[in-house]
Amino acid sequence: MRPEPNWSTAKIPSMRSPRRILVVKLASLGDMLTATPSLRALRTSFPEAHIGVLTTLSSAVALRGLDSFDEVITFDKFAFDRPTDALQSLPSALRLAQDLRSGRWDTLVLLHHLTTTFGIAKYAALSLGSGAGRRVGLDNGRGRWFLTESAVDGGFGWRHEVDYGLAVVRVLGAQHPHAPRLELCIAPDDAGWAAARWNELGLRETVLLVPGSGAFSRARRWAPERFAAVGRALYDKHGLTPLVLSGLDPDEQRLATSVAEQIGPIARVAPPAPSPQALGALLRRCRLVVANDGGVVHVATAVGAPVVAIFGPSNDRAWGPYPVDDPRHQVVRETLACAPCIHRGHRFGTPQGCPARTCLAILDVPQVLSAVERALRAGLSPALAVP
């Protein structure tokens, strides 16, 4: 861990115990999972407090079954991504502010970086509009006028996003009771769905390949033919059946089919999972997951599956598999002066990447296979079994 800067924006924690806590994480599936250790720390440290989570409708499903919060409030964050859209959606924002004030939250926990001018304005309006007297978040010098207490934000990747969240709740005095891990609650129906797909596809020892990368940035995709080469190599050396994950997006379904066809008849295509929990139930049956940076990486770590995460333009120090020191979690990337170009320092960066995408173009199959061997060896160690 790097030494923490002595910034005046890092305010001194207060020892007052919160009673009604609203945690704000308006983000995608993977980001929501990175917030689960912070929720666990709050629940453990303040067992009598009422904990609410404000998130997007698509991410709320990831919290199903967890006992670390009391209610979920959903909001269409994407309707406010641009100033013109925000003006049209102003009535819904005012309704949200009214609803939040009626909730009588005394503490707001903002698990977001303050990056763009418009983004800062949105989070400031949300924080002040909530009516919460205590407003805790990350501050890089841009939030001192609306946050009452803060943890230091040294920029994207200065800490992992999980550790940033834990630093924010630590300002309130919350501590995680164990070594923090992402949480996902798999119900019997989820396990049943995975078992049925497993039997239909005739699977035994399997590697799951994830050539897609979600809707946020298609620039994160490693070459499909290289995924196919990894699948063939793992079948030849370890007898692992390549199972290619098909996403909900038609583009990712075509991509999965293409990779499976390049591998040959030994490959199988996994249908889109109906929920993150069902996907987790499928992933935990696999010997290994090889995936581009995206939500599947975090689902894999949440269920204890060994994972090799391929990073290009995105920031592995911020969003790599967590915990970062678990040898079952391997990151493969090329170290270039221009990388990462998404979420770099205190800037949002360029999700579309550069036209050449050099960071992924020069990442070759042997580098990924070396990481695969490390993850497989670690996955066989009983001492590393997830409870």
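Close-up 1. Aspartate 67 is exposed, at 53%. The two form a salt bridge, with the closest N and O atoms 2.7 Å apart (the cut-off is a side-chain nitrogen of Lys or Arg within 4 Å of a carboxyl oxygen of Asp or Glu). Arginine 40 sits in helix α2 (residues 36-45) and aspartate 67 in the loop between α3 (57-60) and β3 (71-74), so the pair ties together parts 27 residues apart in sequence. Helices (H or I, at least four residues) and strands (E, at least two) are DSSP runs, numbered from the N terminus.

As for the ground rules, the model is predicted, so local features need pLDDT of at least 70 and side-chain atom pairs count only at pLDDT 80 or more, while totals for chains, interfaces and linings use all residues. Residues are numbered from 1 along each chain as its sequence is written, and side-chain values use heavy atoms, with hydrogens and water left out.

**Close-up 2. Arginine 221 and aspartate 251.** Here's another salt bridge, again with the closest N and O atoms 2.7 Å apart. Aspartate 251 belongs to helix α10 (residues 250-263) and arginine 221 to the loop between β7 (206-210) and α9 (224-238), so the pair ties together parts 30 residues apart in sequence. Both residues are buried. Arg221 and Asp251 also join Glu252 and Arg254 in a network of salt bridges.

**Close-up 3. Lysine 237 and glutamate 373.** In this salt bridge the closest N and O atoms are 3.5 Å apart. The pair links distant parts of the chain, with lysine 237 in helix α9 and glutamate 373 in helix α15 (residues 365-379), 136 residues apart. Lysine 237 is exposed, with a relative accessible area of 59%. Searching the whole structure turns up 15 salt bridges.

**Close-up 4. Helix α6, end to end.** What span should the 13 residues of helix α6 (residues 117-129) have at 1.5 Å a residue? The expected figure, 1.5 Å times one less than the number of residues, is 18 Å, and the end C-alpha atoms are 18 Å apart, which agrees. The buried residues of α6 are Gly119, Ile120, Tyr123, Ala124, Leu126, Ser127 and Gly129. After α6 comes glycine 131, whose phi is positive, near 85°.

Key. Buried < 20%, exposed > 50% of the residue type's maximum accessible area, 1.4 Å probe, protein only.
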